[in-house]
Amino acid sequence: MCGILGVVGQAPVNQLLYDGLQVLQHRGQDAAGIVTANGKTFHMHKGSGMVRDVFRTRNMRSLLGAAGIAHVRYPTAGSASCLAEAQPFYVNSPFGIVLAHNGNLTNTEELKADMFRHDLRHINTNSDSEVLLNVFAHELTQRLSANELSVDAVFGAIEAVHRRVRGAYAVVAMIAGYGLVAFRDPNGIRPLVIGTCVNSGKTEYMFASESVALDCSGFSLLRDVQPGEGVFVSFDGEFHARSCASDTRHAPCLFEYVYFARPDSVIDGASVYQARIVMGEKLAEKIRRALPELDIDVVMPIPDTSRPSALQLANHLGLPYREGFIKNRYIGRTFIMPGQAVRKKSVRQKLNPVACEFKGRNVLLVDDSIVRGTTSKEIVQMARDAGAKKVYFASAAPAVRFPNVYGIDMPTRAELLATGRDEAEIAREIGADAVIYQDLSALEEAVSSVNPKLSCYETSCFNGEYITGDITPAYLDAIEAERLDGKTGAEQGGSEHMIDLNLNVAEQNLM
């Protein structure tokens, strides 16, 4: 999962991009990067780590220009430890293009082979984002007229990308000397919103993974980039948009609403906060209907994502709501921390129980989801150690039983707690007295109640139905084997030998 930004403004945008990345930091903590455009020159800085650690004052001063793109990365393809895979990526032809991508391609290997044999382009890393950039660059080259770029050529290249590329992708890119491009896959799996701001009588444009980045930057939400749509904004501020795919459907990833997106974001016309409120109502209805015998004394959220759902669940059941865990805000998200051992160790550093809220009580803990179960097991034990008589565990999402191949780091079935287990077995595994999961239909209804125009969702991690139609058991076996090999390689130094060919383009004229 990653966060992307793109801005075409009237004044320097380096601070806008930095501030936007800070707001989107929850979408990726592995690496961060910014590229700005000043005339026909790109200025780039990127590196491993959190936004605040990657950028220093000297770096910000070198990021000149009134347009730019930015990226925060959590790797779902390639290597977490390889600096060469930090985004944005750069190619010098045609004209010079930089690109940042959120999502995951499902036909990467096929595309890499085509790139090498037919398009004569070399892919230097294991990142599918570099593949996507080279596909776009090649298709753009094919549509130039007398070495000049037209708006039709840009949209024609995006159309070709949609024909060749499969999977999930939300993209922002810049073409040196021309403008900023944004597009989204024909299923609209990963989010991408457009915001506007009037400055000195002229309209500035911002593209972001979540609307919260617009809010915090003084931009107003205009709309979402539609599935299969391409948008081109020239550096002079001319806005062009066109549908670039004939077969589209609006099927956003449900896990965005469950966990990834910030609650103050609006994506695909649905308030994430409101959706989580309704998730709590639906979960309360299931408990009342299916498990009325549970003798619950108090409801507690697992901070922070589950708070809206837990509060609404408590209200619906007429039970006290308490904050039983205090969160250390200086510890990163455990779900997106690479490595099971690191996640397990960080749970007790991240959360500490308030003992008086647990002692002698039957507690219902509410979390947004249960993925690997490591965190859930530790939290249940913490509740018991604090004196809880019984510990029930409720998930605002259905059981995660299948790999996600569209940009969420849960690719192996063996890592998923619910794979091959029923609710009683899961309860025993995490040490709870009972486990309650949201029904998938109820989760879909929760989001649709906030935006009735949404009726189709990407739900593969819950039901194993892959919306792109190209995921086979052999494909899943292959990515699981690749993940295992990647772990072994990381222990031995992995792909650190890969040369980063686009880190040092800060003062390079690309025209």
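**Getting started.** Helices here are DSSP runs of H or I with at least four residues, strands are E runs with at least two, and both are numbered from the N terminus. I'm working with a predicted model, where local features need pLDDT of at least 70, side-chain atom pairs count only at pLDDT 80 or more, and totals for chains, interfaces and linings use all residues. Residues are numbered from 1 along each chain as its sequence is written, and side-chain values use heavy atoms, with hydrogens and water left out.

**Cis peptide bonds.** I looked up D304 and found it in the loop between β16 (298–301) and α10 (307–317). A cis peptide bond joins P303 to D304, with omega at about 0 degrees. Another cis bond sits between Q87 and P88, and there omega is about 5 degrees. P88 belongs to the loop between β4 (67–73) and β5 (89–91).

**E85.** The loop between β4 and β5 also holds E85. Is E85 buried or exposed? I noted 0% relative accessibility, so E85 counts as buried (buried is under 20% relative accessible area, exposed over 50%, partly exposed in between, using a 1.4 Å probe and protein chains only). Next I checked what its side chain touches. E85 and R73 are joined through their side chains by a polar contact of 3.1 Å. For the record, a polar contact is a pair of N or O atoms within 3.5 Å; within protein, one must be able to donate a hydrogen and the other to accept it, and residues adjacent in sequence count only if both atoms are side-chain atoms. The E85 side chain also reaches the backbone nitrogen of N126, at 3.3 Å.

**Positive phi.** A146 has a phi of about 55 degrees and lies in the loop between α5 (128–141) and α6 (151–164). Its relative accessibility is 70%, so I put A146 down as exposed. S200 also has a positive phi of about 55 degrees, and I found S200 in the loop between β9 (193–199) and β10 (202–208). S200 is exposed too, because its relative accessibility is 72%.

**Aromatic rings.** How many aromatic pairs does the structure hold? I have 11 written down. Rings of Phe, Tyr and Trp (its six-membered ring) pair if their centres lie within 6.5 Å; planes under 30 degrees apart count as stacked, over 60 as edge-to-face and the rest as tilted. One of the pairs is F255 with Y259, which is tilted, at 6.2 Å centre to centre and 45 degrees between the planes. Both residues lie in helix α8 (residues 254–260), 4 residues apart, about one turn of the helix. F255 and Y259 are both buried. I then turned to F325 and F358: their ring centres are 5.2 Å apart and their planes are at 65 degrees, so this pair is edge-to-face. It links distant parts of the chain, with F325 in strand β17 (residues 325–327) and F358 in helix α12 (residues 355–358), 33 residues apart. F325 and F358 are both buried. Back at F255 and Y259, I saw that they form one aromatic cluster with F260 and F462.

**Cysteines.** I counted 0 disulfides, a disulfide being a pair of cysteine sulfur atoms within 2.5 Å. C253 is buried, with a relative accessible area of 1%, whereas C216 is partly exposed at 48%.
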